[in-house]
Amino acid sequence: MKPFFVLMSVLVVCYSCSSPGNSDNGLEVLSINVSTSIDSVDITSAFDSVRYIALETSDSCLLKTVKKMVITDQNVYILDDQVYVFDLHGNFSHLIGKKGKGPGELASAMDFIVDATSGNVEINDFMRRQLCIYSRDGTYQGSQEFPFGSVDRFEKSDKGDYIFRHVLSNIAKDGTNFLGYKIYVGNFKDDFVSYRPCYEYDGNMHFEQTFSKNGNKYYFCEILNDTIFEIDSKNNFYAKYYIDFGKNKLPPSIMSIPLEDRVYKLSDKYELATAIDHFYVCPDFVYFTFLHNKEMHNAFVFGDSTLIGTGLAPY
């Protein structure tokens, strides 16, 4: 099992018990009993090892916000307005990218990945609609323009294909803004395959994380949905994990209506479990957060057991 990392400045949290299973069509059912959620769970009982990394806080590496974090065998990469690189002891190493509008500079760094083969750092510049590529040491290598316009989130598989979430437009309804998106998968040398549009409520409920990658597979989830979808190594799209919250799940009467209408229907139904987010899929476990009774809960699902809770210990 992979070790679990905790950075001293990143809040981590936890969970309780029930069992996943498989339906006849291969869809994996992850059963979550929210009534078993507790205040704090000892994560050392669930992982082989837990490592804490206290990041250096000198003037050269003070973070305003953590948009995304990637940990490799050698470094910790954190995206703010640019990418901050630390070693695994928390010592600051260097910056990648610089805010600006010139070659190799970033107007608005929105997301990034570390290429599994080359080690290059690829940063999505949202305003300039391009992917900026840097070597490990931060040397600018060039850029690729997105053929379909603005992208806010992306991932890259081990074989070199990308998955992008393309921003379509603002959709207004009764004074509330909804953002339209479309998923594209492929690479710049060949072509991109587009998948169905999806929508996200632009307000108090929004995604912090859109994609999770496991080797050559991608996973993504839509806001106010109870299913995590997979795009496999052959770019086939299908539902992979159904999150069954039992008596707290979204009823069919809610799931059958358009997403923008679900927002209004769910505005005061705090007893229902909604807003699956921060999800991570790997061979050993599935992790995600969800909202219930105005609190964020965290869930780890290991083969035959589940941990659910609002706090993580030790921290």
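**Entry 1: Ile113**

I looked up the contacts of Ile113 to begin with, counting heavy atoms within 4.5 Å as contact. Beyond its neighbours within four places in sequence, Ile113 is in contact with Lys68, Asn120, Val121, Glu122, Phe154, Glu155 and Lys156. Lys68 is 45 residues away along the chain, and the C-alpha atoms of this pair are separated by 9.2 Å. Ile113 belongs to strand β12, residues 109–114; strands here are DSSP runs of E with at least two residues, and helices are runs of H or I with at least four, numbered from the N terminus. Ile113 counts as buried because its relative accessibility is 3%. My cut-offs are under 20% relative accessible area for buried, over 50% for exposed and partly exposed in between, with a 1.4 Å probe and protein chains only.

**Entry 2: ground rules**

I am reading a predicted model, in which local features need pLDDT of at least 70 and side-chain atom pairs count only at pLDDT 80 or more, while totals for chains, interfaces and linings use all residues. Residues are numbered from 1 along each chain as its sequence is written, and side-chain values use heavy atoms, with hydrogens and water left out.

**Entry 3: the open sheet**

I traced an open sheet of 4 strands in the order β24-β25-β26-β27, with antiparallel pairing. Two strands pair if DSSP finds at least two bridges between them. Its edge strands are β24 (274–281) and β27 (305–309), each pairing on one side only.

I then went through the pairs:

- β24 and β25 (residues 285–292) are joined by 4 bridges, and Tyr280 has Tyr287 as its bridge partner in β25.
- β25 and β26 run antiparallel with 8 bridges between them; Val286 has Val301 as its partner in β26.
- β26 and β27 pair over 5 bridges, with Phe302 opposite Ser305 in β27, and a hairpin links these strands through 2 residues.

I also noted that β26 is mostly covered, with 6 of its 8 residues buried.

**Entry 4: positive phi**

Which residues here have a positive phi without being glycine? I found His278, at about 50°, and Lys294, at about 65°. Most residues other than glycine have a negative phi, so I flagged such cases. His278 sits in strand β24 and counts as partly exposed because its relative accessibility is 27%. Lys294 is in the loop between β25 and β26, and its 65% relative accessibility makes it exposed. In the hairpin of β25 and β26, with 2 residues between the strands, Asn293 also takes a positive phi, near 50°.

**Entry 5: nonpolar cores**

I took a nonpolar core to be a set of buried Ala, Val, Leu, Ile, Met, Phe, Trp, Tyr and Cys residues joined through side-chain atoms within 4.5 Å. The largest has 28 residues, and among those with the most contacts inside it are Ile231, Ile243, Phe245, Phe288 and Phe290. Elements giving it two or more residues include β24, β25 and β26 (295–302). Phe290 is in contact with Ile32, Phe245, Ala273, Met296 and Ile308, among others outside four places in sequence. A second, separate core of 14 residues includes Tyr77, Leu79, Leu106 and Val114.

**Entry 6: Asp226**

Is Asp226 buried or exposed? Asp226 is buried, because its relative accessibility is 10%. I placed Asp226 in the loop between β21 (217–220) and β22 (227–231). Its side chain makes a polar contact of 3.1 Å with that of Thr227. Such a contact is a pair of N or O atoms within 3.5 Å; within protein, one must be able to donate a hydrogen and the other to accept it, and residues adjacent in sequence count only if both atoms are side-chain atoms. Not counting residues up to four places away, Asp226 touches Tyr241, Tyr242, Ile243, Met255 and Ile276.
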